[in-house]
Amino acid sequence: MAEFSIRRMEVGDIDQVLFVDKTCFTAPWSKEIYEQEIRNNDFAYYFVIEESGQIIGYVGLWIVVDDAQITNIALLPRFRGYGIGEKLFGYAMQYAIGNGASRLSLEVRVSNVVAQKLYRKFGLEKGGVRNNYYPDNGEDAYVMWVNL
Ligand SMILES: CC(C)(COP(=O)(O)OP(=O)(O)OC[C@H]1O[C@@H](n2cnc3c(N)ncnc32)[C@H](O)[C@@H]1OP(=O)(O)O)[C@@H](O)C(=O)NCCC(=O)NCCS
C-alpha cells in the first residue's frame, strides 16, 4: 500500500469528506454540519487521511475537559482491511490523550460488528445501549468506552 498522511480537516475538504460519508453511511451528515463542526465548535477535532492527495477517510472527536467522544470514523471501501482504520482510530485516541482526555467513548450501531471489533482492539467495552438511537432505521446503539 502507498503512503498515507493524517492532518486536520479544513472547510475546503468537506466535499471530499461528504463523498466518503455518502459511500459509507446510510444517513450521511450534511455539508452544514461539517461547516459548523469545523468553524464554530471549539470542542471538535476532525482529521482526514489522504493517499496521493485524495481524502480516503476521516475521523472526528469532541474533547470536553477530560471527556473525549468519537463522533465518526469512515474509510472508503477499497482501502479497508489494510490496517488504515486502526491507524486513524489510534491517531484520534492519541490526540485525545495528548489533550488531557481521561476517558473515550462512542456510539456504534448494534449491527456494526466490524467497527465494534476495531474498538475492542483499543480496549473499548460496551457500557450500555441507547434504544432507537439511529433515526434512519430505528436501530439501537451500543455505547462503548475506555479509560485512557
Ligand atoms: C470501521 C472501519 C473504519 C475499519 O477500517 P479498516 O481499515 O477496514 O480496519 P483495519 O483494517 O484497520 O482493521 C482493524 C481491526 O478492525 C476489525 N476489522 C476490520 N475489518 C474487519 C472485518 N471485515 N471483519 C471483522 N473485523 C474487522 C478487526 O478487529 C481489525 O483488526 P485485525 O486485523 O487485527 O483483526 C471501516 O470498516 C469503515 O470505514 N467502515 C464503514 C464506516 C463505519 O462503520 N464506521 C464506524 C461508525 S461507528
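## Who surrounds the ligand

In this predicted model, the ligand is surrounded by 20 residues. The closest are Ile73, Gly83, Gly85, Asn112 and Lys121.

Sorted by class, the shell around the ligand holds eleven nonpolar, four polar and five charged residues.

Which atoms of the protein pair up with the ligand? At Ile73, a backbone N or O atom lies 2.8 Å from a nitrogen atom of the ligand. Gly83 also uses its backbone: a polar atom there is 2.8 Å from an oxygen atom of the ligand. Arg80 takes part through its side chain, where an N or O atom is 3.4 Å from an oxygen atom of the ligand.

How much of the ligand does the protein cover? On its own, the ligand has 930 Å² of accessible area, and the protein covers 73% of that.

## Where the ligand sits

The ligand's place is in the largest pocket. Now look at the elements around the ligand: strand S4 (67-75), helix H3 (84-98), strand S5 (103-109) and helix H4 (113-121) each give the shell at least two residues. H4 supplies the largest share, with six residues.

## The whole chain

Stepping back, you can trace four helices and seven strands in the protein chain. Starting at the N terminus, their order is β-α-α-β-β-β-α-β-α-β-β. The radius of gyration of the protein chain is 15 Å, close to the 15 Å that the globule rule gives for 148 residues, so the chain is as compact as a globular protein of that length.

Along the principal axes, the C-alpha atoms of the protein chain fill a box of roughly 40 × 35 × 35 Å.

Notes
Residues are numbered from 1 along each chain as its sequence is written. This is a predicted model: local features need pLDDT of at least 70, side-chain atom pairs count only at pLDDT 80 or more; totals for chains, interfaces and linings use all residues. Side-chain values use heavy atoms; hydrogens and water are left out. A residue is near a molecule or strand if one of its heavy atoms lies within 4 Å of it. A polar contact is a pair of N or O atoms within 3.5 Å; within protein, one must be able to donate a hydrogen and the other to accept it, and residues adjacent in sequence count only if both atoms are side-chain atoms. Accessible areas come from the Shrake-Rupley method with a 1.4 Å probe; for residues, only the protein chains shown count as cover. On a 1 Å grid over the protein atoms alone, a cavity is a set of points where a 1.4 Å probe fits but cannot get out, and a pocket is an open set with protein on both sides within 12 Å along at least five of seven lines; lining residues have an atom within 4 Å of a point. A molecule sits in a cavity or pocket if more than half of its atoms lie within 2 Å of its grid points. Ala, Val, Leu, Ile, Met, Phe, Trp, Tyr, Cys and Pro count as nonpolar, Asp, Glu, Lys and Arg as charged, and the others, Gly among them, as polar. The radius of gyration is taken over C-alpha atoms; the globule rule is 2.2 Å times the number of residues to the power 0.38.
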